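Welcome, and thanks for taking a look at this one with us. Here is a short briefing on side-chain contacts, the ligand site and a few backbone details.

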Amino acid sequence: MVAENMSTVEKKICSACLRAGRKREEVRLVCVSKTKPVSLLREAYEAGGRLFGENRVQELMDKEPQLPGDIEWHMIGHLQRNKVKYLIGRASMIHSVDSEPLAETISRLAVQAGIVMPVLIEVNAAGEKTKFGIPPENAEPLIRELAVLPGIRVNGLMTIAPLTENPESNRRYFRLLRELSIDIKRKSIDNIEINELSMGMTGDYEVAIEEGATLIRVGTGIFGER
Ligand SMILES: *Cc1c(COP(=O)(O)O)cnc(C)c1O
């Protein structure tokens with residue numbers, strides 16, 4: 001089942017890339033395995049999945065040692081500062097940075113561990129009250145503040161678009177994120193390398209790819225309903 005789903009998702013990624021005139025290698029699939037048992041993650045691994053996303057620190061910590069070492073783990077969910085320490089050395093990217101204090105904590109612990117943690121800035125593109133992330137207009141000021149932190153590298157932006165039946169209705173938010181990233185890139189801020197756009201989930205990843213996503217986060221489409 002998981003293998004079949006993975007191949008369906010792969011086909012859809014390829015056709016979206018084709019439509020957008022992009023190379024398949026420009027888009028990485030994050031298999032969002034939250035709430036799913038390790039047995040299903042193994043199926044995804046056997047079907048070629050090498051990048052998994054979890055939204056809770058505890059779950060990532062539980063699963064990581066039970067799966068092969070060549071898997072990359074991304075933290076994609078809201079993160080509390082007191083949990084950051086558990087991600088150092090386990091997660092290879094944090095998608096959900098939305099404040100200076102959180103970034104400062106990540107940086108401090110990464111420096112202690114002798115690493116630099118790649119992070120994305122979570123933007124609340126649609127201004128939904130129920131969602132984390134910063135308003136688009138705060139992205140550049142925040143990124144300027146974070147540029148001085150030695151233990152993180154701001155690699156791009158992330159957004160969670162509204163839940164919708166019609167993926168086309170999220171196109172404008174994906175476009176907004178891409179335009180925002182281009183604006184910030186043009187400013188050439190020292191130590192900032194904005195290359196990643198983490199956007200698109202099961203319902204709308206094809207549209208997100210058309211609008212420039214480099215990381216798509218697909219859960220239900222691979223592992224089934226939660
Ligand atoms: C759960 C989750 C996803 C995946 O959602 P699906 O609709 O199941 O694909 C993507 N991103 C984040 C941040 C999530 O928490």
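With which side chain does the side chain of Arg22 make a polar contact? The partner is Glu26, and the contact spans 3.2 Å. Please keep in mind that this is a predicted model. Arg22 belongs to the loop that joins α1 (2-20) to β1 (28-32), and with a relative accessibility of 16% it counts as buried.

**Salt bridges**

- The structure holds 21 salt bridges, and a few of them are worth a visit.
- One of them joins Arg50 to Asp70, with 3.3 Å between the closest N and O atoms. Because Arg50 sits in the loop between α2 (38-46) and β2 (51-54) while Asp70 sits in the loop between α3 (57-63) and β3 (72-75), the pair ties together parts that are 20 residues apart in sequence.
- Lys63 and Glu54 form another salt bridge, their closest N and O atoms being 2.8 Å apart. Here the two partners are buried, with Lys63 at 5% relative accessibility and Glu54 at 0%.
- Lys131 pairs with Glu128 in a salt bridge whose closest N and O atoms are 2.5 Å apart. Lys131 is partly exposed at 24% relative accessible area, and Glu128 is also partly exposed at 23%.
- A network of salt bridges links Arg19, Glu168, Arg171, Arg175, Arg178, Glu206, Glu210 and Glu211.

**Aromatic rings**

- Arg50 turns up again here: its charged end sits over the ring of Tyr45, 3.6 Å from the ring centre. The salt bridge from Arg50 to Asp70 has already been described above.
- The structure holds one aromatic pair. As a reminder, a pair of aromatic rings is described by the distance of the centres and the angle of the planes.

**The ligand site**

- Which residues are around the ligand? They are Val32, Lys34, Ile76, Ile160, Met201, Thr202, Arg217, Val218, Gly219, Thr220 and Arg226.
- Lys34 brings a side-chain N or O atom to 2.6 Å from an oxygen atom of the ligand.
- Thr220 likewise has a side-chain N or O atom 2.5 Å from a ligand oxygen atom.
- Arg217 places a polar side-chain atom 2.8 Å from a nitrogen atom of the ligand. On its own the ligand has 390 Å² of accessible area, and the protein covers 90% of it.

**Backbone details in two loops**

- Thr35 has a positive phi of about 70° although it is not a glycine. This residue is found in the loop between β1 and α2, where it is exposed with a relative accessible area of 55%.
- Asn191 is not a glycine either, and its phi is positive at about 70°. Its place is in the loop between α6 (171-186) and β7 (196-198), and at 60% relative accessible area Asn191 is exposed.

Terms used: Residues numbered from 1 in each chain as written. Predicted model: local features only at pLDDT ≥ 70, side-chain atom pairs only at ≥ 80, totals over all residues. Heavy atoms only, no water. Salt bridge = Lys/Arg side-chain N within 4 Å of Asp/Glu carboxyl O. Helix = DSSP H or I, 4+ residues; strand = E, 2+ residues; numbered from the N terminus. Buried < 20%, exposed > 50% of the residue type's maximum accessible area, 1.4 Å probe, protein only. Phe/Tyr/Trp six-rings, centres within 6.5 Å; stacked < 30°, edge-to-face > 60°. Lys NZ or Arg CZ within 6 Å of the ring centre and 35° of its normal. Near = heavy atom within 4 Å. Polar contact = N/O pair within 3.5 Å; in protein donor to acceptor, adjacent residues only side chain to side chain. Areas by Shrake-Rupley, 256 points an atom, 1.4 Å probe, with all protein chains shown as cover.
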